[in-house]
Amino acid sequence: MKQHVVLKVNGEDYEIDIEPNKLLLHTLREEVELTGTKEGCSIGVCGACSVIVDGRLVSSCLTLAIACQGKEITTIEGLAKDGKLHPVQQAFLEYGGFQCGICTPGQIIAAKALLDQNPNPSEEEVKEWMSGNLCRCTGYYKILESVMAVVHNKISADFQLKREHKTAKIQSLNVYKPH
Ligand code: FES
Ligand code: FES
């Protein structure tokens with residue numbers, strides 16, 4: 001039988017009726033309609049479904065949604081504020097920390113969780129922490145570089161301008177032609 005629950009996701013309350021065994025991952029995607037959190041392995045191995053619950057990094061594919069009542073849930077959609085990307089999001093864009101992008105929300109959430117606890121981790125500590133987030137495109141060096149760019153404050157203040165410049169450059173190459 002469904003239960004009425006209130007989940008606080010990215011600072012907003014969502015009142016929903018769900019089966020008691022519904023996973024947080026599926027609840028976020030299907031009931032709350034935030035699809036940034038991805039499903040990969042479904043068994044707690046790949047990190048694609050990572051979210052932050054009360055400051056702790058968790059695999060939402062292993063977590064029951066009803067167990068998260070009264071807790072603060074943060075998903076990838078909750079990181080940007082007032083139209084400004086979170087520094088980790090910006091770093092991934094600037095330093096090419098993604099390829100197909102499927103693992104990216106989980107990677108960014110994992111990196112944020114680490115930096116919230118330890119703003120100045122070593123490269124080894126980042127590697128160790130991020131080892132629970134797999135990337136099938138194997139872009140691990142760029143992911144590490146992106147996180148270390150945040151640690152060393154190497155993300156640019158004029159990022160918007162750079163991005164526009166890159167977009168203009170790509171368009172001028174006539175490579176990408178949207179239909
Ligand atoms: S989908 Fe949850 S860890 Fe892979
Ligand atoms: S960017 Fe494709 S799986 Fe990581």
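The model is predicted, with local features needing pLDDT of at least 70 and side-chain atom pairs counting only at pLDDT 80 or more, while totals for chains, interfaces and linings use all residues. Residues are numbered from 1 along each chain as its sequence is written, and chains are lettered from A and ligands numbered from 1 in the order in which they are written.

Q: What makes up the fold, read along the sequence?
A: The pattern is β-β-α-β-β-β-α-α-α-α-α, from six helices and five strands. Those are DSSP runs numbered from the N terminus, with helices being H or I of at least four residues and strands being E of at least two.

Q: How do you know what confidence the predictor has in the chain?
A: pLDDT is the predictor's confidence in each residue, from 0 to 100. Its mean over the chain is 92, and 89% of the residues reach 70 or more. Residues 173-179 are below 50, and this stretch has three contacts in the model beyond near neighbours in sequence. Where pLDDT is low, the predicted coordinates should not be read in detail.

Q: Why does Leu 7 count as buried?
A: The cut-off is a count of other C-beta atoms within 10 Å of the residue's own, with C-beta atoms placed from the backbone: 20 or more is buried, 12 or fewer is exposed, and in between is partly exposed. Leu 7 has 23 such neighbours, so buried it is. This residue lies in strand β1 (residues 3-9). Buried residues make up 35% of the 179 in the chain.

Q: What is Leu 7 in contact with, leaving aside neighbours within four places in sequence?
A: Contact means that two C-beta atoms, placed from the backbone, lie within 7 Å. For Leu 7 the list is Tyr 14, Ile 16, Val 32, Ala 65, Cys 68, Gln 69 and Ile 73. There's also a C-alpha separation of 6.9 Å between Leu 7 and Gly 70, 63 residues apart along the chain.

Q: Why is α2 described as oblique to α3?
A: Angles under 35 degrees count as roughly parallel, over 145 as roughly antiparallel, 65 to 115 as roughly perpendicular and the rest as oblique. Helix α2 (residues 87-94) and helix α3 (residues 104-117) pack at about 130 degrees, with axes 9 Å apart. That makes α2 oblique to α3. The contact is made by Val 88, Gln 89 and Phe 92 of α2 with Thr 104, Ile 108, Ala 111, Lys 112 and Leu 115 of α3.

Q: And what makes α2 oblique to α5?
A: Helix α5 (residues 140-151) packs with α2 at about 130 degrees, the axes being 8 Å apart. That value makes the pair oblique too. Here Pro 87, Val 88, Ala 91, Phe 92 and Glu 94 in α2 meet Ser 146, Val 147, Ala 149 and Val 150 in α5.

Q: Which residues of α2 are buried?
A: Val 88, Gln 89, Gln 90, Ala 91 and Phe 92 are. Just after α2, Gly 96 takes a positive phi of about 65 degrees.

Key: Axes fitted to C-alpha atoms, helices over the stretch in contact; angles between N-to-C directions.
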